[in-house]
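User: Hi! I'm new to this one and would like a quick tour of its charged pairs. Could you walk me through them?

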Amino acid sequence: MNEKVLKTLEYDKIIEQLALLAGSEGGRRRCLSLTPGHRLDEILQAQEETDDALKRLYRKGSVSFSGAKDVGASFKRLEIGGSLNAAELLQVCSLLEAAGRAKRYARSAETEEETQDSLDPLFSALEPCTPLSTEIRRCILSEEEISDDASPGLRQVRKGIQTANGRIHSTLAGLINGSSRSYLQDAVITQRNGRYCVPVRAEYRSQVPGMIHDQSSTGSTLFVEPMAVVKLNNDLRELYLKEQEEIEHVLERLSEETAVFTEAILQDYELLTELDFIFAKASLAKSMKASRPLFNTKGQIHIKDGRHPLLDPKKVVPVTIRLGADFDLLIVTGPNTGGKTVSLKTVGLLTLMGQAGLQIPAAPHSELALFEDVYADIGDEQSIEQSLSTFSSHMTNIIRILNEASLNSLVLFDELCAGTDPTEGAALAISILSHLHKMGIRTMATTHYSELKVYALSTPRVENASCEFNVETLSPTYRLLIGIPGKSNAFAISSKLGLPSFLIEEAKTHLSEQSESFEDLLADLEASRRTSIQEQEEIRLHKEEIARLRAALEKKQEKLEDQRERILREANEQARKVLKEAKDYADQTMKDFHKFGKSNISVSEMEAERARLRERIQKTEEKLSLKKEQAPKKQLKPSELHLGDSVRVLSLNLEGSVSSLPDAKGNLFVQMGILRSQVKLSDLELIDEPVITGKNFSKSGAGKIKMSKSASVSTEINLIGMTVDEALAHLDKYLDDASLAHLPSVRIVHGKGTGALRKAVHTHLKRCKYVKSFRLGEFGEGDAGVTIAEFK
């Protein structure tokens, strides 16, 4: 790729953004030297590394490579036996610490599910040399300060320096505060040339013996080193020299330890630089919301929702561009500022970025072709220095492209052959594009020439495209429409801006009939496109609605099937439990009755056992989940009721007879045994009963007498197992039915027991007006457990 194309397509600006994301100086240099590749295996490897780094950024966060310093020059001195200074050793330490951070980052949050990626070999090859970096950091506090603990000798020397300083200050303090105080300019201790002095007035020079090291600018003050501290200052100076010797020993020792790991440290620098470069590419992809493109060697480009990376991501309109599959030449037309040049640059720039191993700001699964060269003729090529016009400069560039372009090249033309006579320019543009098309070179060109639109419509594997423009708002939508040539909107725009209509009409008369019909054709195509898009959107919405309804129906059907299976399963389980319980209780009951037959068990105990059995059976019936469905109640009409009709009061679940006809509000009285109550007609259900005619009854106009149960009433009632209240209620109803059936006598079984039930039955029989007499049963009739009642 030549430098001019990289600059024309603004690839250099992308590289500048990339370099700013690198953390080390070496990483930045690596970013700035990045150029598009030509080998597919290298491009795929670079794309894989960028993608793996991006996954790590999303999963683990970022990692800093800022401490990776270039120590190559310093290690040259180590090779010849020299020593490193404190600053250079700190750079080595910073590099090793950066390697340690990267190593920990690679190991952080690792799980068994994570698979190896392309960056694992780089991270695994890092050697942090932790003992060496720890020792350097312990001994060297900063570039100007060595720790006291760096060596025992250094610690001892610095203790001596501290002691000497204390003695000098103590001696000078005694001098200042003693008899010599009046000879001094100020009562302070100062230093000159590294030796401690006191400021003495010039006129008292002879009063303070010592060595003069300096004087003030006026000469009134002399800085004298008293004789009492000369030796102490000499001793202190020797200690400082010993301190420097000890520091040199420490640096020599650390340099020797560093020399052992020279190869590993230099390798760490190369690895960290490479990792910094790769993670910078991933950070750029993250900031652009980019995705990894697919590559092919067939010359096919399919960019889905591509965005120019240098435009504001909140305002840029994505474009979808195809080239190389169905057509090799794409001619883009449309109004100025409509987005033609941006679309052209987007194709070129994303191609360069992809071949450089960078992810592209486009939808996933976008496809790029591998090109050996990308050529572009975009922008103002006018050259004042070379005395070339815009057209001449463009043509010079086009000639170079025609001479160098090959089958594996991508050629981009912006406003091809513009800046000259339109007729000649259009003819020349068609000739150039036809030549490239015959060579099979993938080409994309923007133009205003209508002749090129016709050329695209009439030539195989050449396609029109246009940038959409909204005439109503006089603004472009920046959408690229492939398959539709752009329509000139000069008249519509001029009218919107206020150009008089008579001028527009006159301008239309100057158009040739062919040009006018072609513009009408473009207008019809645009209208058809809008209709097609609208219909496709409606179809899409209908399909989504059908899919949603189908999914809801399937979900509902599945839920019903699950409920059905659950209900059947629960019902079967309940039935199994009921049957098992009934079987177990039946077996136990049979055992008990066999036991009663063999043992001398009283009748009262047997009756009590029968009562418990009946109660258990009743509870078992209540547990059954399936109840007998009742037929829907028929709504009664007032005309259907007559006095004496048998009815059921639904709210009370009691039977009775009609004692009064319904009033205007539907209220009537019903006699239910000894209870007479007013109910509503809607709360009644008519009971169908057979008609029984007694032999002593004669038919009258009122009809026949209806008996609810008299036709099938039994001659015996069994009250065993009931409480007194329950027994009397059943007995009262039974005696009524038996009397209406004209039975001569009935047999009431109440059992012996404690005699309470028998006594209550006898008391009730005494009150019944239609009972003639009653007696206990005789031998063979049930003895004292039975009462025989005769009716009048």
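**Salt bridges in the model**

Analyst: Happy to! Let's begin with Glu88: at 13% relative accessibility it counts as buried (under 20% relative accessible area; exposed is over 50%, partly exposed in between, with a 1.4 Å probe and protein chains only). This is a predicted model, where local features need pLDDT of at least 70 and side-chain atom pairs count only at pLDDT 80 or more, while totals for chains, interfaces and linings use all residues. Residues are numbered from 1 along each chain as its sequence is written, and side-chain values use heavy atoms, leaving out hydrogens and water.

User: Which residue does Glu88 form a salt bridge with?

Analyst: Its partner is Arg77, with the closest N and O atoms 2.2 Å apart. A salt bridge here means a side-chain nitrogen of Lys or Arg within 4 Å of a carboxyl oxygen of Asp or Glu. Glu88 sits in helix H6 (residues 86–107) and Arg77 in helix H5 (residues 72–79), so the pair links parts 11 residues apart in sequence. Helices (H or I, at least four residues) and strands (E, at least two) are DSSP runs, numbered from the N terminus.

User: And Arg77, what's its relative accessibility?

Analyst: Arg77 is at 33%, which counts as partly exposed.

User: New topic: are Asp328 and Arg442 buried or exposed?

Analyst: Both are buried. They form a salt bridge too, the closest N and O atoms being 3.7 Å apart.

User: How many salt bridges are there by this rule?

Analyst: The count comes to 34.
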